[in-house]
Amino acid sequence: MPPSKPRLSPVHRAAMERNPWFTSMPRAQREALLGAGELIHVRRGAMVFRQGDPIHAAGGGFYGLLAGTIKISSLRQDGREAILAVLEPGNWFGEITLIDGSPRTHDATALEALDLLVVPPEAFAQQMRDVVFANAVAAMLAARVRMLYGLTEDATLRSLRARVAHRLLVLARGDATQSLQLRRTLMLPQEALAMMLGVTRQTLSKELNALAGEGVLALGYGRIELRSIDALQALASTG
């Protein structure tokens with residue numbers, strides 16, 4: 001289906017308004033960004049972009065996720081996959097290539113059918129001429145660098161249990177969203193969490209079952225219920 005100028009539904013707008021980064025901008029900048037985008041629909045399993053795609057690849061741009069979930073990942077030649085983030089409605093992504101002109105750094109795959117707002121490169125460049133929007137993008141990048149530093153620290157200095165606890169807390173705030181509100185139920189397969197942590201499904205299962213045995217969480221099919229946020233925070237902080 002060809003792209004059309006967005007006629008965002010109340011549900012789409014509500015998803016955007018739940019994102020702290022988006023709502024940090026004045027309304028004029030928010031409306032200008034939404035107005036610069038084109039609404040497209042992406043089927044489940046399709047790739048929004050691939051690692052190595054150039055800046056002007058067909059359909060490329062700065063993306064606002066209106067509905068559905070997206071997996072940001074990297075696939076090695078031996079078939080192993082690392083999931084870096086799972087994006088939920090309200091998130092914006094794809095800015096790195098538009099800023100430095102280099103190819104896409106990772107794959108972005110639709111985990112379910114998506115509604116996407118695509119701001120083309122030229123329109124993004126125009127938005128970046130506004131100092132308020134440019135400062136907001138800088139703040140977004142700074143937040144992501146902080147998160148990456150945290151994940152690097154996890155991988156090099158913390159025990160696996162502390163890494164599991166920290167990642168569960170990050171996911172409880174929407175992963176990339178980092179909402180102020182914390183959810184106690186995560187709809188996430190254990191295999192996906194294992195890929196995020198860079199461990200095997202069996203290794204992760206042992207840690208999760210141990211935490212479940214201590215009453216810290218409860219496990220269900222494709223679901224993890226966080227029963228003790230305080231215990232998870234203590235584990236994450238002790239390392």
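Modeller: This is a predicted model. I begin with an open sheet of 3 strands, ordered β9-β11-β10, with antiparallel pairing.

Biologist: What makes β9 and β10 the edge strands?

Modeller: Each of them, β9 (185-186) and β10, pairs on one side only.

Biologist: What joins β10 to β11, and how do the two strands run?

Modeller: They are joined by 4 bridges and run antiparallel. L217 has L226 of β11 as its bridge partner. The two strands form a hairpin with 2 residues between them, and G222 in the turn has a positive phi of about 65°.

Biologist: Which helix packs on the sheet, and which strands does that helix touch?

Modeller: Helix α9 does, touching β10 and β11. The direction of α9 makes about 125° with that of β10.

Biologist: Why is the span of α9 called close to the expected one?

Modeller: Helix α9 covers residues 201-213, which is 13 residues. From first C-alpha to last, α9 reaches 18 Å, and 18 Å is expected at 1.5 Å a residue.

Biologist: How do you know that the buried residues of α9 line one face?

Modeller: The buried residues are L204, S205, E207, L208 and L211. Seen down the axis of α9, they fall within an arc of 165°, so they line one face of the helix. In general, an α-helix has 3.6 residues a turn, so residues three or four places apart point the same way. The face of α9 turned away from the buried side carries the exposed residues Q202, K206 and G213.

Biologist: What do the buried residues of α9 pack against?

Modeller: Their partners are α7 (160-172), α8 (190-197), β10 (217-220), β11 (223-226) and α10 (229-238). Just after α9, G215 takes a positive phi of about 80°.

Biologist: Why is A15 called buried?

Modeller: A15, found in helix α1 (residues 10-17), has a relative accessibility of 2%. Buried means under 20%, and A15 therefore counts as buried.

Biologist: Which residues is A15 in contact with, leaving aside its neighbours within four places in sequence?

Modeller: A15 is in contact with L66, P89 and G90. A15 and G90 are 75 residues apart in sequence, yet 4.8 Å apart in space, C-alpha to C-alpha.

How values were computed:
Residues are numbered from 1 along each chain as its sequence is written. This is a predicted model: local features need pLDDT of at least 70, side-chain atom pairs count only at pLDDT 80 or more; totals for chains, interfaces and linings use all residues. Side-chain values use heavy atoms; hydrogens and water are left out. The expected span of a helix is 1.5 Å times one less than its number of residues. Buried means under 20% relative accessible area, exposed over 50%, partly exposed in between (1.4 Å probe, protein chains only). The arc is that of the directions from the helix axis to the C-beta atoms. Contact means heavy atoms within 4.5 Å. Two strands pair if DSSP finds at least two bridges between them. Axes are lines fitted to C-alpha atoms, for helices over the stretch in contact, and angles run from 0 to 180 degrees between N-to-C directions.
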